[in-house]
Amino acid sequence: MNETRRNILKGLAASPALALSPNLLWAQSAGELKISHQFPGGTATEGDFRDRLCRRFSAEINKRTNGALKGTVYPGSSLMKTNAQFSSVRKGALDMTLVPLSYAGGEVPETNIGLMPGIVTSYEQAVSWKKAEIGKALSNILADKGVLIVSWIWQAGGVASRIKPIIEPEDAKGLKVRGGSREMDMVLKAAGSTVLTLPSNEIYAAMQTGALDAAMTSSTSLISFRLEEVGKALTTGRGKTYWFMFEPLLISRAIFEKLPKAQQDIIMAVGAEMEAFALEGARADDQAVATVYQKAGGKAYDLNDAAVKKWQAIARETAWKDFAGKNESCARILKLAEATL
């Protein structure tokens with residue numbers, strides 16, 4: 001051990017309040033929270049609303065702590081790969097992330113409820129989760145895994161296709177489709193699709209090469225990743241849709257609990273305030289996405305109640321049953337989610 005390293009450790013031992021793991025020490029001493037996400041970067045006023053939300057959050061906590069705590073945003077998976085973000089937050093190797101919660105399904109099966117087809121059918125219902133029993137249960141599960149929800153963010157889902165619009169389940173037959181979650185993939189397979197698993201920031205390349213015929217993702221991602229350039233048939237999430245995506249702003253519990261109580265309170269207060277901005281941004285993009293595709297020479301299609309019910313019926317018999325059969329915790333989560341329908 002070199003002398004510098006030895007002196008640092010002696011200093012930590014002499015000051016128990018600072019005796020933290022290296023990454024926790026860094027986060028607290030520097031007063032900086034690293035926030036990683038996979039979406040295109042912009043500014044506080046321009047670009048993907050999820051990136052703007054992170055930047056606004058960062059600016060506001062900096063303001064309210066008088067500069068004692070700030071956030072640094074790393075868009076486009078520039079800090080770390082998309083699929084590593086949730087795990088890194090769990091371990092305290094990353095401070096914060098804004099990520100589709102279903103990406104964590106491999107580590108925490110219950111998180112697949114965040115993109116469970118047919119379980120959420122409106123923004124009003126989605127917003128109700130935070131204070132409902134389902135929200136409390138999901139928050140507790142994540143906290144036990146080392147992750148805390150800072151902002152509850154929901155987005156309606158749409159579909160971009162190179163070949164034809166996917167409106168009814170039968171439209172997906174024979175196509176190579178990206179569903180975005182294990183559960184959505186099960187529904188697509190039941191409809192006769194071949195499914196591909198990849199994060200939303202890799203959809204463009206897959207559709208461009210023909211490896212992918214269609215992709216399901218949020219309205220904002222349909223815009224931000226310029227999918228109108230590779231898929232001219234759009235099924236929107238405005239009005240009616242059979243799936244919503246939960247994309248929360250998360251913080252590492254290990255990092256959070258080492259911060260002063262006053263800073264913890266500010267983080268949670270600002271996070272809650274960002275939810276109205278997120279809802280407004282998501283709804284605006286549900287409308288804007290149709291215009292974007294039409295200007296690019298494509299066509300936009302909307303869903304009706306009958307189509308939504310067809311997708312939901314398939315989901316009940318496939319994804320819902322599979323999810324509930326994983327373990328008692330998943331069965332309970334599904335039951336609580338159904339109670340909000």
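Guide: Before we look at single residues, contact here means heavy atoms within 4.5 Å, and please keep in mind that this is a predicted model.

Visitor: What does Thr235 touch, not counting residues up to four places away in sequence?

Guide: Thr235 touches Gly158, Val159, Pro165, Ile166, Ile167, Tyr301 and Leu303, and for Ile166 there is a further detail, in that a polar atom of the Thr235 side chain lies 2.9 Å from the backbone oxygen of Ile166.

Visitor: New topic: how many aromatic pairs does a search of the whole structure find?

Guide: The search finds six aromatic pairs. In one of them, Trp154 and Phe246, the ring centres are 4.8 Å apart and the planes are at 25 degrees, so the pair is stacked.

Visitor: Which strands do Trp154 and Phe246 lie in?

Guide: Trp154 lies in strand β5 (residues 154–161) and Phe246 in strand β10 (residues 244–246), so this pair ties together parts that are 92 residues apart in sequence. Both Trp154 and Phe246 are buried, and together with Trp129 and Trp152 they form one aromatic cluster.

Visitor: What sits over the ring of Phe39?

Guide: That is the charged end of Arg50, 3.6 Å from the centre of the Phe39 ring, while elsewhere Arg226 lies over the face of Tyr204, at 5.0 Å from the ring centre.

Visitor: Last one, about helices: at what angle do α12 and α13 pack?

Guide: Helix α12 (residues 305–324) and helix α13 (residues 328–338) pack at about 130 degrees, with their axes 7 Å apart, and that makes α12 oblique to α13.

Visitor: Which residues make the contact?

Guide: On the α12 side the contact is made by Arg316, Trp320, Phe323 and Ala324, and on the α13 side by Cys330, Ala331, Ile333, Leu334 and Glu338.

Note on methods. Residues are numbered from 1 along each chain as its sequence is written. This is a predicted model: local features need pLDDT of at least 70, side-chain atom pairs count only at pLDDT 80 or more; totals for chains, interfaces and linings use all residues. Side-chain values use heavy atoms; hydrogens and water are left out. A polar contact is a pair of N or O atoms within 3.5 Å; within protein, one must be able to donate a hydrogen and the other to accept it, and residues adjacent in sequence count only if both atoms are side-chain atoms. Rings of Phe, Tyr and Trp (its six-membered ring) pair if their centres lie within 6.5 Å; planes under 30 degrees apart count as stacked, over 60 as edge-to-face and the rest as tilted. Helices (H or I, at least four residues) and strands (E, at least two) are DSSP runs, numbered from the N terminus. Buried means under 20% relative accessible area, exposed over 50%, partly exposed in between (1.4 Å probe, protein chains only). A charge sits over a ring if NZ of Lys or CZ of Arg is within 6 Å of the ring centre and within 35 degrees of the ring normal. Axes are lines fitted to C-alpha atoms, for helices over the stretch in contact, and angles run from 0 to 180 degrees between N-to-C directions. Angles under 35 degrees count as roughly parallel, over 145 as roughly antiparallel, 65 to 115 as roughly perpendicular and the rest as oblique.
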